[in-house]
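This report describes the annotated sites of a protein model and the helices and strands around them. The structure is shown first, followed by the description.

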Amino acid sequence: MKYTQKKPAIVLLEDGTVFYGKAVGKEGSAFGEICFNTGMTGYQEIFTDPSYFGQIMVAATVHIGNYGAFSEENESDGVKIAGLVCRNFSEYGSRPISEESLGAFLERQNLFVVSDVDTRALVSYIRDHGSMNAVLSTEVDNIEGLKAQLKAQPSMKGLALAPEVSTKEAYFVGDENAPYRVAALDLGIKRNILRNLAARGAYIKVFPHTATFEELSAFAPDGFFLSNGPGDPEPLTEAITLTQQVIDSGKPVFGICLGHQLIALSQGVPTYKMRNGHRGINHPVKNLLTGKSEITSQNHGFAVDKELAEKNPNIEITHLHLNDGTVAGIRLKNRPVFSVQYHPEAAPGPHDASYLFDEFITNIEAYKRK
């Protein structure tokens with residue numbers, strides 16, 4: 001689809017700052033917390049990642065849409081971001097395997113897109129002032145009215161969004177005759193996580209966020225997986241209780257992103273909202289157990305309290321983010337439980353951290369031998 005005429009649009013931030021651009025296709029307004037991703041590729045995976053639910057995404061890379069859209073690269077059943085801001089929106093994709101243009105894909109998903117924005121200036125502004133709520137709109141002459149609507153938007157702090165993206169019904173992934181059975185709690189799970197588990201011999205039953213420990217246990221799993229997801233982890237009190245129950249079972253547990261935060265919260269270690277968060281595919285992390293560093297894909301706006309994690313007698317910090325020293329991974333000293341704040345299943349990459357899925361399977365094998 002070619003957009004021959006683009007209507008003027010604005011990006012209005014919570015503090016009143018305005019950036020100007022043009023609407024791609026859809027007109028109207030879209031609200032959410034504005035953030036940015038520094039990845040040079042993987043835009044479709046970003047847009048369909050449930051962890052971005054409720055957020056307006058600013059693409060730091062200049063070109064978006066230049067390689068079209070391909071259904072196999074969706075990380076969920078559809079677009080999850082609240083809106084998109086970019087510099088150049090390509091009307092045509094040049095990749096042979098692309099099935100359609102990104103414009104056609106996003107139009108079907110009813111996503112509001114603003115292009116022709118000075119994204120270098122916008123990203124720099126967010127870096128300096130922190131993430132905040134924003135609105136994208138073609139109502140360029142109604143800035144005062146939009147400000148009033150924006151003021152009424154809830155803060156991401158205290159917002160429980162995982163229930164909005166979790167599956168409503170349990171479902172299965174993988175070979176029923178596979179050697180390992182994994183019960184996965186869906187708080188916004190990415191499809192590539194399930195692919196990685198299945199590729200290592202796991203038969204997975206994916207449960208909704210409302211599932212009880214008894215329901216998970218009825219599957220007779222060899223291990224438990226706690227998924228990524230959007231929003232603030234602290235309001236998810238039922239999921240925190242469930243996390244403690246699966247840990248107490250003595251079976252192996254693996255958590256990614258939101259799942260990582262739930263494990264910390266279940267052990268009495270709080271989380272906090274970060275100024276900007278980490279979103280990109282080039283974040284450096286050091287594995288404190290091996291001394292090796294890895295380049296990782298990250299997407300989170302909350303983090304585990306490092307000081308209190310260090311003081312907790314049951315927790316060992318296993319990974320640190322090398323840019324700011326935040327906690328990137330933990331394990332429990334008295335249980336086969338570990339988690340990371342980043343995405344080892346990263347699609348399209350990098351794949352430095354895929355060994356973590358192998359470690360989970362190793363823990364399951366050791367448990368089964370017992």
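## Cysteine 257 and the active-site annotation

Cysteine 257 is placed in the loop between β14 (253–256) and α9 (258–266). Helices (H or I, at least four residues) and strands (E, at least two) are DSSP runs, numbered from the N terminus. The model is predicted: local features need pLDDT of at least 70, side-chain atom pairs count only at pLDDT 80 or more, and totals for chains, interfaces and linings use all residues. Residues are numbered from 1 along each chain as its sequence is written, and side-chain values use heavy atoms, with hydrogens and water left out. With a relative accessible area of 2%, cysteine 257 is buried; buried means under 20% relative accessible area, exposed over 50%, and partly exposed in between (1.4 Å probe, protein chains only). Not counting residues up to four places away in sequence, cysteine 257 touches Asn228, Asn299, His300, Val340, Gln341, Tyr342 and His343, where contact means heavy atoms within 4.5 Å.

UniProt, in an unreviewed entry, lists Cys257, His343 and Glu345 under "active site". UniProt positions are given in the numbering used here, feature names are shortened, and annotations may be inferred rather than shown by experiment. These residues span 89 residues in sequence, yet no two of their C-alpha atoms are more than 11.4 Å apart, so they gather at one spot. From this set, Cys257 is included in the lining of the largest cavity. On a 1 Å grid over the protein atoms alone, a cavity is a set of points where a 1.4 Å probe fits but cannot get out, and lining residues have an atom within 4 Å of a point.

Glutamate 345 is found in the loop between β19 (337–340) and α11 (355–369). Glutamate 345 is buried, at a relative accessible area of 1%. Its contacts, leaving aside neighbours within four places in sequence, are Lys190, Asn192, Ile193, Asn196, Ile256 and Phe357.

In helix α6 (residues 191–199), the buried residues are Asn192, Ile193, Leu194, Asn196 and Leu197. They are covered by elements including β10 (171–173), β12 (202–207), β13 (223–226), β14 and α11. Glycine 201, whose phi is positive, near 90°, follows α6.

## The binding-site annotation

The "binding site" annotation in UniProt (unreviewed entry) covers Ser51, Gly229, Gly231, Leu258, Gln261, Asn299, Gly301 and Phe302. Although these positions are spread over 252 residues of sequence, they cluster in space, with a largest C-alpha distance of 13.3 Å. The lining of the largest cavity takes in Ser51, Gly229, Gly231, Leu258, Gln261, Asn299, Gly301 and Phe302 from this set.

Not counting residues up to four places away in sequence, asparagine 299 touches Asp49, Ser51, Tyr52, Cys257, His278, Arg279 and His343. The side chains of asparagine 299 and aspartate 49 make a polar contact (3.1 Å). A polar contact is a pair of N or O atoms within 3.5 Å; within protein, one must be able to donate a hydrogen and the other to accept it, and residues adjacent in sequence count only if both atoms are side-chain atoms.

Glutamine 261 is in helix α9 and is buried, with a relative accessible area of 3%. Leaving aside neighbours within four places in sequence, glutamine 261 is in contact with Pro233, Thr271, His300, Phe302, Ala303, Val304 and Gln341.

Helix α8 (residues 237–248) packs with α9 at an angle of about 80°, their axes 9 Å apart. That makes α8 roughly perpendicular to α9, a term used for angles of 65 to 115 degrees. Axes are lines fitted to C-alpha atoms, for helices over the stretch in contact, and angles run from 0 to 180 degrees between N-to-C directions. Ala239, Ile240, Thr243, Gln244 and Ile247 in α8 meet Leu262, Ile263, Leu265 and Ser266 in α9.

Conventions
On a 1 Å grid over the protein atoms alone, a cavity is a set of points where a 1.4 Å probe fits but cannot get out, and a pocket is an open set with protein on both sides within 12 Å along at least five of seven lines; lining residues have an atom within 4 Å of a point. Angles under 35 degrees count as roughly parallel, over 145 as roughly antiparallel, 65 to 115 as roughly perpendicular and the rest as oblique.
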